[in-house]
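Trainee: Please take me through this model, setting each value against the definition behind it.

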Protein chains: 4
Amino acid sequence: MCRWLAYSGAPILLEDVLFKTEHSLIDQSLSATNSITTTNGDGFGVGWYGSRDVPGVYRDIRPAWNDRNLQAIAAQIESQMFVAHVRATTGTPVQRTNCHPFTHGKWLFVHNGSINEFEKLRRDLVFAISPELFPFIEGSTDSELMFMLALTFGMEGDVEAGIARMAGFVEELAGKHGVEDALQMTLGISDGESLYAVRYSTEGKSRSLFHSASRDATETIAPEAGRFSRFARAVVSEPLSDLEDEWVLVPESTFVTITMGDVTCEPFAPIAP
Amino acid sequence: MCRWLAYSGAPILLEDVLFKTEHSLIDQSLSATNSITTTNGDGFGVGWYGSRDVPGVYRDIRPAWNDRNLQAIAAQIESQMFVAHVRATTGTPVQRTNCHPFTHGKWLFVHNGSINEFEKLRRDLVFAISPELFPFIEGSTDSELMFMLALTFGMEGDVEAGIARMAGFVEELAGKHGVEDALQMTLGISDGESLYAVRYSTEGKSRSLFHSASRDATETIAPEAGRFSRFARAVVSEPLSDLEDEWVLVPESTFVTITMGDVTCEPFAPIAP
Amino acid sequence: MCRWLAYSGAPILLEDVLFKTEHSLIDQSLSATNSITTTNGDGFGVGWYGSRDVPGVYRDIRPAWNDRNLQAIAAQIESQMFVAHVRATTGTPVQRTNCHPFTHGKWLFVHNGSINEFEKLRRDLVFAISPELFPFIEGSTDSELMFMLALTFGMEGDVEAGIARMAGFVEELAGKHGVEDALQMTLGISDGESLYAVRYSTEGKSRSLFHSASRDATETIAPEAGRFSRFARAVVSEPLSDLEDEWVLVPESTFVTITMGDVTCEPFAPIAP
Amino acid sequence: MCRWLAYSGAPILLEDVLFKTEHSLIDQSLSATNSITTTNGDGFGVGWYGSRDVPGVYRDIRPAWNDRNLQAIAAQIESQMFVAHVRATTGTPVQRTNCHPFTHGKWLFVHNGSINEFEKLRRDLVFAISPELFPFIEGSTDSELMFMLALTFGMEGDVEAGIARMAGFVEELAGKHGVEDALQMTLGISDGESLYAVRYSTEGKSRSLFHSASRDATETIAPEAGRFSRFARAVVSEPLSDLEDEWVLVPESTFVTITMGDVTCEPFAPIAP
C-alpha cells in the first residue's frame, strides 16, 4: 500500500509541502500511521506542472526519505499543481517504470490500492487497452493498466466517466474470473488545470482520503512557506497535520474535483461496459 | 546492440572468464570492436548453474565495468555453465527486468539483436504468449517476448523447434504489418545441461557469433585459471582473444548445441506458423 | 540504527538463515521490534567466506526486502561463516561504501550503534588511522573509521585488544572534545575462522545482542534447512524466533568468541591510549 | 577522464544546451572525441542557479545518456547559470558523492583531470583541509579535495588566488613525495554570478577547454532554443558543434572569468605555499 498527495494553488516550492509539514509525505514513507504497511520504501515519484505543456516527472527506486536529489529538486522547483507518491509494492518489481505518477501527454495519475488477484486478470486487462496506447505500457503494475484503461475509455474527454468505465470493466472482468472485491483505489489525477481524486472500493471499505478543509489553506499545507494563498488545496492519503478540523475525510464512493481552490464532491459509481 | 558470452565445462570461477581474458566481456561493455554501438553500458546480467535446480541470476542497471558487486560475486562463484550479457538498449527503459539473462524455471536466455519496428508488433507478440506464461512477463523488451514465445511454442521439449517457430511467427507477423528485415538475433540458451546458440537474421546479415575451436580450451577461455579442462567451451559475440584460430565463426542461419564439450552445428530455418 | 547477524557452522545456504526464519533479518529490515528506528531501509550487505582467501561481499543501497539479486545470491551461495547487516543511516549518505560489512583482506566487520557527535570527532579519528590503511577509506561513516582504527591498533594480531584500544581512543578523544556517551556499539567481526562479537557502550546501556543458546542450533537458526549441524551458531541483534530459551542475551561490556560452535564470553573494557 | 559544460546567459531550458546540440554533453558521455577515455558512463551531475540562494544539484550514478529523470528535469528547469559534468572514474567508487558538481553554500565546482598518484598524496591533502570544512567531505575523489582545498585557501574571497594556492600546494606536496606531473585540470566554478574556468597542468599539456566565441551565442550553444540572447556564453571540454570559428580554445595556463557575457582570460600560475 502506498501514500500520495496532490496540491493545487498558488505556486509553491515542492519542499514546503513534501518535507516541511508536521506529518509530511516523506515522513509517511518511513512510517505511515493509517496504513496497513507502515513502510513505503519501494520507490517514489513526483510530477509537477511548470511552464511546459507536459508535466515534469521525477521517479526513483530509492526510499523517498533518503534521496538527496529529491530534496534538491524540491528545494528549487515551484509549481502551482503537483502530485507525489511513495510506494509499497504489492509484489511487482521495484523499478522506475512501476513508480507513480504515471504520465501521458499532459496527464498525471497516482493510485493507492490494488486490483485483487491481479495476476489472474492481468492478461485481459492488457488486451482491453487500445492498440494506440499499447506501446506506452512500460511497467508491470495494476496501477499503470488502470491509467491506460481509463485513457482507453475516454478519460481525456470526461475524467469521471473514463474512471467509472475503467472501474466497471475491472469489476465485470473480475466477476467472470470469480475474483471478489475486485478494486480498491484512491486515485489522484491532473491535467494541469484541475485536480481530480477518487475514493472507491468494490467492497465499500476504501483506503483513507482527505482534502484540506479551507479554501485558503497554505498554513495547513505548507506552514513554513510564509505566505498566504487563497487557492491552496491539497488532497492526501493521510493528513499532514494533527489538526482534525483542517482536514475533511472524503466519503466512500466519491469523485472530487478541485479547480481554482473550489472543491466539488460527487457520488462515484462504476459504469459497467 | 549487446554482447554476450556462454560457458560450458569444468567448474570455473566466473571471474576467470568474465574479467581475466585479453578482450573480456567486461572490456567489451566499455568498448566493443565488432559492434555498431561501441558502448554496452545499459545494464548487464549473469546467470549460472550451481547446486540448485534453478540457476542464480544477478542483473543490474549499472554498467558492468564499474560494478563491484559483480566483481565480488564473480570472484567467489564457480560454475560449470553460465551465461553473461552486457546491454545497449535500443530504446526500452534501463531496468533490471529488461536486463538479460531472462530466466524461467531451469532456463536461461540471452539475446543480441532486435525485432525491427518492435513497437508496431509488440501488442500482437504479447497476445501470442500463452496465458500460463503471461504473468511472468516483467519487462518491456523484444528479447523477453522472444523468450516467452519460444517457451509458448514448445522450447522446453525441443529447443530448436521452439526457437524456429518463434522466429517464423515473428517473421509472419512482421509481413502482415509490412515490416521488413523482421528479426536480427544471436541467442544463447541453457537448461543447465546443454548450451544452445543461434545465429540468424531475416536479411541474412546476422550479428557475429563465435565458439571456441578446441574441445580443451581452458587456456583460450580462461587463461589465468591455471588449470586444464577437456570440456571447456565458450560461445561469444566477440572473441576473447586475438588468436584467430582459436575461435570459429558460427555460419549464418545456424543452430549450435554444446554438450559435454562437443559442438554440433545444424542449419537453422524459421518454421512458419 | 541497524540490525545485523553472523553465522558460524556447517555450510548452509544464506537464504536459510537470512530469509527463512520466523523473524528474519530481512523482516527486521522492514520492521525491527527492539529497535529505536523501526525501518532499516538504507542499504544492506552480506559478506561470506567460500573457497577463496578473502570473503565475498555484496552490498547495495536498496532496502534488503526488495532486492531480487540478494534473494538469488542467497539461494545459491553456501557458506560456513557469514555476516549480514541492514542499515538505517544516522545521517551519512546512502551509498555502497557506507554499507556494512566493511572488509579488509580476510576480515569482515559490521557495527550497530554510533559515535556520539561524530562530526565533531571525525577529523581526529581519520587522523589516527595509520597511513598504510588510509588509502582504503572509501566511505564516510563512523563505523568504517572504527574498523580502520581497530586495524591500526592491532586487531589483526589480537582482536579483543584492537577493539579495546579503538574504544579507548574514541572515548578519550570524546572526552577532550567534551562529548559524553562517546560510543554505542555492537560489533560483529570475522577472519573466516572465528566469529567475534562485542556489546559495549560508554553509558552502559548498549544495543541488544544475542547468541543462539545451543551448540547444535540449526533448527533455531535455519529451521527450513532440513538438516542437523553440531556446530551451528548465530549472533544477532534481535532473535530470529520467539522461543526465548533458544537465545542468550549477551551481557553488557562483553567480548564473545565463537570457534567451531563453542561460545566464550569475556568481560570487555576499553583500553585507554 | 570526464567532460563538462558551463553556461551563463539569459535563462534557458537546461535541455536546450545539454541535449539539443550537434555534439551535446550527453552525446559526449557515450562517445567523446577529444577524450582519452571515450566513454563517460560513471555518473553525471548538473548544478543550476534558480531563485534560491543556493544552487540545485542533481547527481546520479547512471550513465547520463539513459537517465530519464535527467531528461525530465532538463525539460522543465530554466536557469541563467548552470554547470554539468559526465564522469569517467579513474578508480574511485561510482557513487553520488563522487559525482560532480560539488557544492558548498552558493558554489559549484567541476573538474576534468586528476592528481597524479592520488593515493600516495591523499592523506596529506585531506589534512590540509581546514577543520571547519572537514565535516563536509562526503566522497573519496581527488576532485572534491581540490575543491575543499581551494575553499580552505580563500577561494570564496578571491577565486583565482584560492585555486592558485590549491594548485601550488598540490604541486609542492607531490614534489615531497617524488610524484611528477602532479596536477592535470580543467575546472568550472560558479558562485551564481560569474563563471570561472581554469585550464592548467603541471606538465603543460592540459586537457582541452573551449569557450564560445560570440557574445550572443545562443545559436551556437542552444540552436533549438529559438531565441536570441546577447549574453549567452558557454565553456566546454569539447565544442558542441563542428563550426570551428564559433569556439575559442582556451590557452594553456589560463584563468577565465565570464560575467554578463564578457570573457576575460588571464595567465594562471600556481602559488607555492
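**Helices and an interface**

Trainee: What covers the buried residues of H5(A)?

Mentor: The cover includes strands E5 (102-104), E6 (107-115) and E7 (183-190) of chain A, together with helices H4 (118-128) and H6 (159-176) of that chain; helices (H or I, at least four residues) and strands (E, at least two) are DSSP runs numbered from the N terminus. This is a predicted model, in which local features need pLDDT of at least 70 and side-chain atom pairs count only at pLDDT 80 or more, while totals for chains, interfaces and linings use all residues. Residues are numbered from 1 along each chain as its sequence is written, chains are lettered from A and ligands numbered from 1 in the order written, and side-chain values use heavy atoms, without hydrogens and water.

Trainee: Why is H5(A) called largely enclosed?

Mentor: Buried means under 20% relative accessible area (exposed is over 50%, partly exposed in between; 1.4 Å probe, protein chains only), and 10 of the 11 residues in 142-152 are buried, so the rest of the structure largely encloses this helix. Among the buried residues are A:Asp142, A:Glu144, A:Phe147 and A:Leu151. Just after H5(A), A:Gly154 has a positive phi of about 100°.

Trainee: How do you know that the span of H6(C) agrees with its number of residues?

Mentor: The expected span is 1.5 Å times one less than the number of residues; for the 18 residues of 159-176 that gives 26 Å, and the end C-alpha atoms are 26 Å apart, so the two agree. At the start of H6(C), a side-chain oxygen of C:Asp158 comes to within 3.3 Å of the backbone nitrogen of C:Glu160, whereas C:Gly178, with a positive phi near 70°, follows the helix.

Trainee: What makes A:Arg68 and D:Glu138 a salt bridge?

Mentor: The term requires a side-chain nitrogen of Lys or Arg within 4 Å of a carboxyl oxygen of Asp or Glu, and the closest N and O atoms of A:Arg68 and D:Glu138 are 2.7 Å apart, so the pair qualifies. Between chain D and chain A the count is 8 salt bridges.

Trainee: How many residues does each chain bring to the contact?

Mentor: With contact meaning heavy atoms within 4.5 Å, chain D and chain A bring 24 residues each. The two chains bury about 1800 Å² between them, 37% of it on carbon and sulfur atoms, where buried area is the accessible area (1.4 Å probe) that two parts lose on being put together, summed over both. On the chain D side, D:Arg52, D:Gln76 and D:Arg96 lose the most area to chain A, together 36% of what that side buries.

Terms used:
Polar contact = N/O pair within 3.5 Å; in protein donor to acceptor, adjacent residues only side chain to side chain.
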